[in-house]
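This briefing goes through a single protein chain, topic by topic. Please keep the sequence and the 3D view open while reading.

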Amino acid sequence: MQADWARVRAVFEQLVALPAAERTAALPTLAAGDAELMRAVQRLLDADADSVAEARLPAVPSDWLARSLGEATSGQHIDRWRLLRPLGEGGMGSVWLAERHDVGFSQRAALKRIRAIGLGPAARARFAAEQRILARLSHPNIAGLIDGGIDEAGQPFLAIEYVEGLPLTAYVDRAGLDLNAILRLFLDVCAAVAHAHQQLVIHRDLKPSNILVDQSGRVKLLDFGIAKLLDEFDAPQIGLTATGVRLYTPGYAAPEQLRGNPVG
């Protein structure tokens, strides 16, 4: 018999609140010796342990768990959008290539959706902040917001401009660009970042995988999921971006991020 998801989640949430070194010893007690429950929780713990550096929680290979997590599937409709194929996994959920058809036109987008397990207050606040940030940015070198809302399952989603391209470093290598061409791309990246700064937005996760170059050679800055709005000083936002959940990519983070200091 498969473990009940409510019990799995309850035990998992108790364990992740403990120091990592204490979780293995506490699992049998919290699971009351239920072997199936222990195996299910351990799979979640293993996924969580593998994801600490970039705050990733990969999908666990289990049908019942996928259903409980509210995983999306190809062909599924999210509001006006139909999901085509997955583009990637993130800390709170997944990103899909999606399309919609309205009278007289069709459109594709990268649709970002929170996974059910990530629907806590902090995740919702961070997702809402990303929507507010994208809504105030309008620049040819930034992938813009197209749509957003809550789907029928009560899960928030964002539809963002879909960029078919390569990460900056991969594009430079493949195209064999000379120094002048590389610097022109770099200046486009700077222009995008400068526009964000003019809107009081700090990206906080600048790295090659978040800077794509499309087929026409245009730079597009992506993923404002952990960006910070400098003019929002409400307590929940400060908790997310300063002393609360610290999300960053270690190899590309600013020194103050690694030290836990304010980012400006």
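**Overall picture**

In the protein chain, 58% of the contacts with a separation of 6 or more are between residues 24 or more positions apart. The model is a predicted one. Its protein chain has nine helices and eleven strands, and buried residues make up 40% of its 264 residues.

**Helix α2 and the residue after it**

- Helix α2 covers residues 20–30, and Arg23, Ala26 and Leu27 are buried in it.
- Viewed down the axis of α2, these buried residues fall within an arc of 125°, so they line one face of the helix.
- Turned away from that buried side is a face with the exposed residues Ala21, Thr24, Ala25 and Thr29.
- Ala32 follows α2 and belongs to the loop between α2 and α3 (35–50).
- The phi of Ala32 is near 55°, which is a positive value in a residue other than glycine.
- Ala32 has a relative accessible area of 67% and is therefore exposed, the cut-off being over 50%.

**Helices α6 and α7**

- Helix α6 (residues 168–175) and helix α7 (residues 179–198) have axes that come within 11 Å and cross at roughly 160°.
- Angles over 145 degrees count as roughly antiparallel, and α6 and α7 are therefore roughly antiparallel to each other.
- The crossing in which α6 passes α7 is right-handed.
- On the α6 side, Leu168, Tyr171 and Val172 take part in the contact, and they meet Ile182, Leu185 and Val189 in α7.
- Sorted by class, this contact of α6 with α7 has six nonpolar residues, no polar residues and no charged residues.

- Leu200 sits in the loop between α7 and β8 (201–202).
- A positive phi, near 65°, is found at Leu200, which is a residue other than glycine.
- With a relative accessible area of 37%, Leu200 is partly exposed.

**Arg108 in strand β4**

- Strand β4 spans residues 105–114 and contains Arg108.
- Arg108 has a relative accessible area of 47%, so it is partly exposed.
- Leaving aside residues up to four places away in sequence, Arg108 touches Trp81, Leu84, Leu97, Ala98, Glu99, Ile146 and Tyr162.

**Ser74 in the loop between α4 and β1**

- The loop between α4 (63–68) and β1 (77–78) holds Ser74.
- Not counting residues up to four places away in sequence, Ser74 touches Leu83, Leu84, Arg85 and Trp96.
- Ser74 and Arg85 are eleven residues apart along the chain, with their C-alpha atoms separated by 5.8 Å.
- Leu84 is among the residues touched by Ser74, and Leu84 is also among those touched by Arg108.

**Points to check in the 3D view**

- Which residues of α7 meet Leu168, Tyr171 and Val172 in α6? They are Ile182, Leu185 and Val189.
- Where in the chain is Leu200 placed? Leu200 is in the loop that joins α7 to β8.
- Is Ala32 buried or exposed? Ala32 is exposed.

Key:
Residues numbered from 1 in each chain as written. Predicted model: local features only at pLDDT ≥ 70, side-chain atom pairs only at ≥ 80, totals over all residues. Heavy atoms only, no water. Axes fitted to C-alpha atoms, helices over the stretch in contact; angles between N-to-C directions. Helix = DSSP H or I, 4+ residues; strand = E, 2+ residues; numbered from the N terminus. Parallel < 35°, antiparallel > 145°, perpendicular 65-115°, else oblique. Left-handed = near helix turned anticlockwise from the far one by under 90°. Contact = heavy atoms within 4.5 Å. Nonpolar A, V, L, I, M, F, W, Y, C, P; charged D, E, K, R; others polar. Buried < 20%, exposed > 50% of the residue type's maximum accessible area, 1.4 Å probe, protein only. Arc of directions from axis to C-beta.
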